[in-house]
Amino acid sequence: MTESSLPPQQNPPVRRRRAAPSGPVAFVWESVLMGWRWLARMRTALYLLAALAILSIVATAVPQEPNVPSTVASWREGEAGPGVGVSRVLDAVGAYDVYGSAIFLAVLLALYISLTACLIPRIKAWIRLVRRSQPPVVRHLGAQDERTVFVTDRSPAEVRASAAELLSRRRWRVRRHDAHADDPRPDQVAAETGLWAREGGSLVFHLSFYVLLAAIVLGQLLTFEGQRGVVEGDPGFRDTAVSYWSYSPGRWFGEGDHQGWRLELERFHVDWVRDPLAPGAGQPTVFRSDVRVTPQDGEPFDAVIDSNRPLNLDGTRITQLDWGYAPRVVVEVDGEVVHDTFLTPVLTDGGFFRGAVKAPAADPDVGMDVFFYAFAPDGEDGRPVPTGAPWADAPLLVFQLFRGDLRLGATQQTINELDVEELTSQGFGALRLGQSLELEGVTVSFPELRRWVGFQVSSRPQLPYLLAGSVLLIVGLLGSLYASRRRLWVVTMEEAAAAPRTLVTVAGRAFQRPEAFEEEFADLVAELMAATDGAPADPHPTTELPTALPAAETTR
Amino acid sequence: MGSDQLAELSRLLYFPTTLMLYLGASIVYLYALTTTVGRTDQRERGRLARRLGGILAVLGITAHVAHEIVRGLAQDRLPLGNMFEVTSLMALVGVSVGLIHLQFVRRRPELNGFVLLGGALVLGMGMLMYAEPGPLMPILDTWWRTFHVSLLVGGMGVFAAAFVFNALYLLRDTGELAVAAERSRAGGGSTVGAAYVGDVSDGAATAADPETAGTSSGPAGEDDELDPDEERDRAELLAYHRALRRGVPPVKLALGTFLGTSLVSWVWLTTADTWSAGLGRFLAVNLTMVAAALVARWFVPFLPATATMDGLAHRTTAFAFVLWTIGTIAGAMWAEVSWGRFWGWDPKETGAFLTWIAYAGYLHARATRGVKGRGAAWIGVAAFIVLMGTYLIANYVIVGLHSYADL
Ligand code: HEM
């Protein structure tokens, strides 16, 4: 018999209370009840799981705004993807943010209601079972999965005591039965195992979803995550709400929850496999920041943040997110310095870094679209040849100069993006490190090159609860998949013809994984025989064995 | 030896050595299956074939392990860093776990050939992703990663074995259903048909179980002469075999396999440099799978009872599900440590989640009485398509945070 063909009664019987609605709300009540019952069916849970799966497929196929906003933007504008029309439809159904969409939340809610509807009766039934149930005493041992007979010189009572002791030691729940006048069932030890663990494991597994959900909701409220780039040797930044470039606090995370430390980047180490013929050419080999941290009221100390070793500051985690070169660009207009800072351009798909200069101090504003090539050695004709290599052996700064209105504050723009709507191009220029160039009355120089690192600062108080939920999930899963429910009976009979011999019949039943039970059963029998000096029954016993009786029937 | 020579050696150990040994072992084991109905001398040959298959399989696994070790030495790190290495290890885990489970736990060695065939297919697919040995990105170089990836790769391998069992179950079940339908039609009524169906399952048991087959006609076969009764029984059995095979329509099977494989293999169209190379890979993968399906169809009469394969599929899936669950949680923990966020719906994370949900669907279906059997097996097949699809898509089509397609 395989598990799939087992009758449903292997699970504790689920009692449904009958509702007797009356009055005008009866209709509503009945509908609710019907919906609840529908949700409590496992088939419904299967459909809902399938719906969840389909939604994640959509999320895999369609770019997701929280992950890749730029791709989504280009889909919306029709530059990539299936076109503007389809894009509108995708937007309307929330396909660009599946995990934040109403449909996803509705499916999740339905799953949780379904889970609840399923679990309440199961928990009740389980508690009932664990509290009350005793292994059943059998009358006949006919049709069990496993059955063996052996003989021993010990008395029946001794054998039963040994069996009870052996099984208790193996943590079976044991029930002894001695025949008496009102109860003709034979003397026996009845035992059961796996009852708690299997159904209990399944319950713990499913209940862990509530723990995980609670932890995730808690996280939405209490978490904090911010990103900030820091240039080597700069004063760095302080942990306050306004210092982050991007900042997403949970609803309950207040400004006072910041710890106010200061972080400086002393040096950033990065290197690659530089030999183009070596295996893994171009791959980074080192990615490490030496930082200096000054707590709000404490002594500064040095620390190292490595790729897999973030810095922990009282529950706040600081991780390296990305990095780039930080060219110092000085812009002078009519002998007056209007811009002198380190840029923080980011790496693009083209193998170069892209950033922007914005100098509103000039009149009209000066803007520069900056392309930084780390390794662009001079070619044979003396012109620089950009390579995709990221090491700064021959840095080259290429820019397009603009004058006009930067529209700062008027439009949303990141520090590395230029809004060229109101700007007019003044031409292009290229600079090596240490050079300067004059273009239309604007002098641009590139005196220094450093590096910057993008740090992520996060605080997630929900992590211990998530971990606890995961542990429950795994433990419950192991129980529900690997604990197996089994019953065992040891029936003893005085053998009349050859007294003092005891005829011992051991029979067992496996509710799950019968094939594994064969060996467990053989082991148990062998141990019991060893404990009672048993010998295999002779093939032609003089007494009629209990098996000769008609079909098995178990009774309580 | 320099690392170049080590790299060359590791490649030779993989292809052709391991691939050929797996294929050879698979063919020999499958041949052994066909000898379970026949005369004594044939059964003797079957025993020899099984022994030879066992030797080839052990040699294959040894070569495979040697490949992993040499590759590890060549690049001075664990070979778990890119698609090729992951796929190769997936085949190794699938073959080893599958064979050990069948041989020693379930004592069903007659299915070894199919597991080896599955392993050879995965190994061959790995050839399409071959990458020279090289160092690892520092972000990937951590104990967390080893833990997380090993569990998921182990899970994938075991899921692959479960897929083989599900597919064989469906083939055999389809054949049996067709024979039962045919007999009930021939019998002209359901009652009579039922009697024939009982007869059918007897035949199935004889065919499936070499021991039973051996004892039932063993003594008579001693002198290689079958008496007329035995001859007739044998003819009936062979007719039953043909009927089972006929029950699985080959064209439908080939088309279904082609289309089913296409759900995943379209990825090859997008990954090659040129369109025709992509089409070549796509067709190679699809036609190999079709060929494997047709081979499996030929062996339908020799398969064990459907309940056996159903049980095997369930237990292997359950085991892989545990590995997958722990591996995914470990991945989230690693992501928290190295990226400062534990879950971000990155394509790979979505893929792992999706696969998890799909296999949870299978386990639920198995636990529900209404859907068990064929329904559950189909969900199992679909779940494997989800697994392979998300694995390839997340690595080749969408480049996410932890894609290592470009390594
Ligand atoms: C949310 C709605 C869910 C419902 C109503 C539900 C219901 C059930 C029920 C009634 C069983 C017991 C089957 C039995 O022993 O006869 C079960 C088992 C199980 N459930 Fe769920 N479940 C839900 C969600 C999930 C999810 C999200 C997962 C994980 C991905 C999951 C994984 C499992 C597993 C692994 C089993 C054990 C199957 C077995 O005993 O072989 N369930 N579920």
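This report walks through the helices of chain B, a helix pair in chain A and one serine in a chain A loop.

Keep in mind that the model is predicted. Let's start with chain B as a whole. Of the 407 residues in chain B, 57% are buried. Take the contacts in chain B with a separation of 6 or more: 80% of them come from residues 24 or more positions apart.

**Helix pairs**

Two packed helices are described by the angle between their axes and the distance between the axes.

| Helix pair | Axes come within | Crossing angle |
|---|---|---|
| Helix 9 (residues 250-271) and helix 10 (residues 275-298) of chain B | 8 Å | roughly 150° |
| Helix 4 and helix 10 of chain B | 11 Å | roughly 175° |
| Helix 6 (residues 156-169) and helix 9 (residues 514-531) of chain A | 10 Å | roughly 135° |

Take helix 4 and helix 10 of chain B, whose axes cross at roughly 175°. That angle makes helix 4 of chain B roughly antiparallel to helix 10 of chain B. On the helix 4 side, the contact is made by B:F114, B:L117 and B:L121, and on the helix 10 side by B:T288, B:M289, B:A292 and B:A296. Sorted by class, the residues of this contact are 6 nonpolar, 1 polar and no charged.

Helix 10 of chain B also pairs with helix 9 of chain B, the axes crossing at roughly 150°. Helix 9 and helix 10 of chain B are therefore roughly antiparallel to each other, since the cut-off for that label is over 145 degrees. Their crossing is right-handed. The residues in the contact of helix 9 with helix 10 of chain B come to 16 nonpolar, 7 polar and 2 charged.

Over in chain A, helix 6 and helix 9 cross at roughly 135°. That makes helix 6 of chain A oblique to helix 9 of chain A. Helix 6 of chain A passes helix 9 of chain A in a right-handed crossing. Helix 6 brings A:S162, A:A163, A:L166, A:L167 and A:R169 to the contact, while helix 9 of chain A brings A:L524, A:E527 and A:L528. By class, this contact has 5 nonpolar, 1 polar and 2 charged residues.

**A closer look at B:F114**

B:F114 lies in helix 4 (residues 112-127) of chain B. Is B:F114 buried or exposed? With a relative accessible area of 4%, B:F114 is buried, because the cut-off is under 20%. Leaving out residues up to four places away in sequence, B:F114 touches B:L30, B:L33, B:V164, B:L168, B:A296, B:F299 and B:L303.

Where in chain A does A:S243 sit? It is in the loop between strand 6 (237-238) and strand 7 (246-249) of chain A. A:S243 counts as buried, at 12% relative accessibility. What does the side chain of A:S243 reach at 2.4 Å? That would be the backbone oxygen of A:R238. The side chain of A:S243 also makes a polar contact with the side chain of A:T240, at 2.7 Å. Not counting residues up to four places away in sequence, A:S243 touches A:R228, A:F237 and A:R238.

Terms used. Residues numbered from 1 in each chain as written. Chains lettered and ligands numbered in written order. Predicted model: local features only at pLDDT ≥ 70, side-chain atom pairs only at ≥ 80, totals over all residues. Heavy atoms only, no water. Axes fitted to C-alpha atoms, helices over the stretch in contact; angles between N-to-C directions. Helix = DSSP H or I, 4+ residues; strand = E, 2+ residues; numbered from the N terminus. Parallel < 35°, antiparallel > 145°, perpendicular 65-115°, else oblique. Left-handed = near helix turned anticlockwise from the far one by under 90°. Nonpolar A, V, L, I, M, F, W, Y, C, P; charged D, E, K, R; others polar. Buried < 20%, exposed > 50% of the residue type's maximum accessible area, 1.4 Å probe, protein only. Polar contact = N/O pair within 3.5 Å; in protein donor to acceptor, adjacent residues only side chain to side chain. Contact = heavy atoms within 4.5 Å.
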